[in-house]
Amino acid sequence: MSTVPQDLRYTREHEWARLEDDGRVTIGVTDFAQEQLGDVVFLDLPEVDSDVEGGEPLGEVESTKSVSDLYAPVTGKVVEINVECKENPAALNQDPYGEGWLMVLDPSDPAEFDGLLSPEEYAQFLEEEAGEGEEG
Amino acid sequence: MSIDIALLERAARAEITRPVLRFYRWDGPSLSLGAHQRLDEQVAARCAELGVQVVKRPTGGAAVLHGKDLTYSVVAPHGTMGVLEAYREVAGGLIAGLALLGIEARIGTRHEGPGVLHAPQLGARAACFAVTLGADLQVGGAKICGSAQLRRRGWFLQHGSIPIGDDRAFTNRILDHPDPIGATCLEHLRPGTSEEELCVCLRRGFESRWGEAEEVSVESLLVGLSIPA
C-alpha cells in the first residue's frame, strides 16, 4: 500500500507539494508514482529561475524502461533543485517524501496551493483509479 | 516517431479514446537514441560517414539501429498499471503474434551486456539490444524485441523494434561495441519471413488479447495537426 503523508498536498499526476514556512513550495513525486515507475535512472529538471505553470510539464523522470512527465503543482519560479537527487536518482525510489524531493518553487499565487488535493482526496483518487483498473 | 508522439498527445487530451497500434519501417539505416541518451561524438561521426540518420526518441532506453527491423507502436491508457505491468500487457500481444509465426518468445530475464545504462550519463554508447531488461522479449535467451515507453496524463506510448534482418555487426561498428550483441532476428528464427507477414501476425496477436481492431488511416487520427518530419 502506497504511503500518503498527512502534511502534504497532492496532484492527480502523482506529485506531492509541501508549503514551507517562508511560503515556498517543495515538490516531489509520490510513493505510488515511484512504485509505478520502477528504478529511476535519470531526472530531467528545469533550471533554477525557470518559470513553470501549474498543471503543465516541467521535466521528466526516466526509469529503466519508461519516461514520464513531471507536472508543476503550482505556477511559479524554480528557486532550488535537489542536485543530490539528480545525481543519485535512486533517492526518489528510496525516500520519495524525504531525500527524494525534487525542487522548490516560489509560487506566484499562494491560493493555488490550497486547490491541490488533500491527503484524503488523493487517497480516494488512488482507490478510484484502482477500482477502475479492476473493472476494465 | 513524431507521429507516435502526436498520437499520444491527442490521447492525453482525450481526442483519441481507443488504443492505437501502428507498424512502420524506416527510410534507410537510422540510429534512434533514448530520450536522455547523449550522442557520442565518435558515434555521430561514424553515422555521418556511413549515411546513418540519427534521431532522438521521446521514450527512454538506449540506442537502436533501424532499417532492417519492423517498428511497432502502441498508444493506450495505462490506468493503474505500473511501467512493467504495461509492458507485460503489450508483450502479451507481441508474444501471441510471434507464436503465429511459430516463434516462441518470452519476457526476458535480466542480462546486462556491454554498455549498461547508468545515471546520469545514460551510457552514451549503450545499445538497446545489448541489454535485456525484465520487459523485453527473448527467444532462446536472445533478444528479439526491445521496447521503450513514455507516459503522459494517463496514457502511454510504447514502441519497439523487432529485427527482421541481422544488423548486429553494423550496430557494433557504429557504437564501437567490442562484444557480439546477444540479440537475434527473424531471418535467423524463421528465414524468409516478410515484413507483411510479421505485421499480419502481430495484428492478429494483439486482436487475440485486446479485441478486434478497426483499420484507420493515421491521417484520420491526426486531422488538423502539422507533424514535423
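Biologist: How many helices and how many strands does the secondary structure of chain A come to?

Modeller: This is a predicted model, in which local features need pLDDT of at least 70 and side-chain atom pairs count only at pLDDT 80 or more, while totals for chains, interfaces and linings use all residues. Residues are numbered from 1 along each chain as its sequence is written, and chains are lettered from A and ligands numbered from 1 in the order in which they are written.

Chain A has five helices and nine strands (DSSP runs numbered from the N terminus: H or I of at least four residues, and E of at least two). Along the sequence, their order is β-β-β-α-β-β-β-β-β-α-α-β-α-α. Chain A has a radius of gyration, taken over C-alpha atoms, of 14 Å, close to the 14 Å from the globule rule (2.2 Å times the number of residues to the power 0.38) for its 136 residues, so chain A is as compact as a globular protein of that length. The C-alpha trace of chain A extends about 45 × 35 × 25 Å along its principal axes.

Of the 136 residues in chain A, 43% are buried (20 or more other C-beta atoms within 10 Å of the residue's own, placed from the backbone). Among the contacts (C-beta atoms within 7 Å) of chain A that join residues at least 6 apart in sequence, 60% link residues at least 24 apart.

Within chain A, strand β4, residues 40-44, is mostly covered, with four of its five residues buried. Four bridges connect β4(A) with strand β6 of chain A, residues 57-63, and the two run antiparallel; strands count as paired when DSSP finds at least two bridges between them. In this region Asp44(A) is placed opposite Glu60(A) of β6(A).

Chain A also meets chain B, and the contact draws on 23 residues from each of chain A and chain B. On the side of chain B that touches chain A, the elements giving two or more residues are α3 (83-99) and β10 (142-152) of chain B. The most comes from β10(B), with five residues. That side of chain B comprises 13 nonpolar, eight polar and two charged residues.

Pairing of strands also crosses between the chains: strand β7 of chain A, residues 66-71, pairs with β10(B) in the parallel sense over three bridges. There, Ser66(A) faces Gln149(B) of β10(B).

How values were computed: Buried ≥ 20, exposed ≤ 12 C-beta atoms within 10 Å, placed from the backbone. Contact = placed C-beta atoms within 7 Å. Nonpolar A, V, L, I, M, F, W, Y, C, P; charged D, E, K, R; others polar.
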